[in-house]
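Keep the structure open and find each residue as it comes up.

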Amino acid sequence: MASVLVTRQFRPPTETVLASLAVAACYYAVGRLGLLGRLVVEGVVVTPIWPPTGVAVAALLLLGVRVWPGIALGCFLVIASLTTPGLTTVVTVVSNTAAPLCAFLLLRRVGFRLDMARLRDGLCLVFLGGFGAMLISSTAGVGLHVATGSLERSEFWPVWLAWWAGDTMGVLLVTPLLLAFAGAIGRFRTRRWSEAVCLGVAALVIVPSAVLSPISLLFLVFPLLIWAALRFQLAGSVLCALFASVLTTFEATAGKGAFLHLSDVEIMVKLQAFNGSAALTALLLSSVITEQRATRRSVRRACEELAEVLEHLAAGEPSPSPPAAGRPSGTAGGRAVPPGERRDP
């Protein structure tokens, strides 16, 4: 019995440590992938999409606030892989940990649902988890460069905007995709596989054609996003948006296709405008479609229950609905008493 008690006593801390280590490993892995698409703005390396931020917010929403040490450890490992850690590393780690924590607390405060079945949930993720909370990491990170003298004050706003947009895109593109896969496993209908294959083939053809063309054809991606949102809701639309944004980011860093003969600032502005538009279209449209389908299912279920009640009433049978707190008058033991029949006490 003592061994059982000891096991139960130490199980929660062990699970917390393992969950934090898993979050740190995921943070570091996607951080290294995110650095492949980095750009240089005013001499500072920034990423148009910073996936670790989305991983951090999703981890907090799914696993709870207990895994925040894993976020801090993952951020430290990413920085250590680029440069020698110093005093400024502490500020960066703290700000990059505080921003997802702030996003988590704000979303929990407003009653955010993980299934994102309401338009309200999509708006909260955009404006609170993305636009609002990511002000912390971008302001602290760029402010640190200005304070240490590695960045001029006149260069603050361009770098700050690029930093903030990268963190925000990570939340808007990666977080909903992870939440969708965590909550939608096993719910994909088999009869949709043929359409899913057609959507995937269309994405593999349309997105590279739009991005690699020297003519600006990025608008061709949006009908694809609408198709994915209408038929596959959050998982399909966000996955298509992430694929388009990643491919566009790599072409932008190489200065090819639609980003040919553009300056660094022009590339960043055009790229972030496309990424932001694609993310908002996929996220908000899928939230609207999901909410409408949930409302339609609720109305259909209510109509079916009402039709069943009416059928029983027309046949002279008692309603199949559960009885109220008190038994209605005129019944005895759940059996209807005919008029004029006298009940024995």
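A disulfide is counted here when two cysteine sulfur atoms lie within 2.5 Å of each other. The model is predicted. By that distance rule, it has zero disulfides.

Cys 124 has a relative accessible area of 12%. Buried means under 20%, so Cys 124 is buried. Cys 303 is partly exposed, with 47% relative accessibility.

Now turn to the salt bridges. How many are there by the rule used here? The count is two. The rule asks for a side-chain nitrogen of Lys or Arg within 4 Å of a carboxyl oxygen of Asp or Glu.

Take Asp 121 and Arg 118 to begin with. Their side chains form a salt bridge, with N to O at 2.8 Å. Both Asp 121 and Arg 118 are buried.

The other pair is Glu 195 and Arg 231. Their closest N and O atoms are 2.8 Å apart, and the two residues form a salt bridge. Glu 195 sits in helix α8, which covers residues 193-212, while Arg 231 sits in helix α9, residues 221-254. The pair therefore ties together parts that lie 36 residues apart in sequence.

Arg 231 has a relative accessible area of 30%, so it counts as partly exposed.

Patches are built from residues with over 30% relative accessible area and no salt bridge. Like charges are joined within 9 Å.

Which residues form the positive patch? They are Arg 296, Arg 297, Arg 300 and Arg 301. Arg 296 lies in helix α10. Its relative accessible area is 46%, so Arg 296 is partly exposed.

A negative patch is made by Glu 304, Glu 305, Glu 308 and Glu 311. Glu 304 also lies in helix α10, which covers residues 264-314. Its relative accessibility is 51%. Exposed means over 50%, so Glu 304 counts as exposed.

To trace this on the model, follow helix α10.

Terms used. Residues numbered from 1 in each chain as written. Predicted model: local features only at pLDDT ≥ 70, side-chain atom pairs only at ≥ 80, totals over all residues. Heavy atoms only, no water. Patch = residues over 30% accessible without salt bridge, like charges linked within 9 Å, V, L, I, M, F, W, Y side chains within 5 Å. Areas by Shrake-Rupley, 256 points an atom, 1.4 Å probe, with all protein chains shown as cover. Lys, Arg positive; Asp, Glu negative; His and termini not counted. Charge placed at Lys NZ, Arg CZ, Asp CG, Glu CD. Helix = DSSP H or I, 4+ residues; strand = E, 2+ residues; numbered from the N terminus. Buried < 20%, exposed > 50% of the residue type's maximum accessible area, 1.4 Å probe, protein only.
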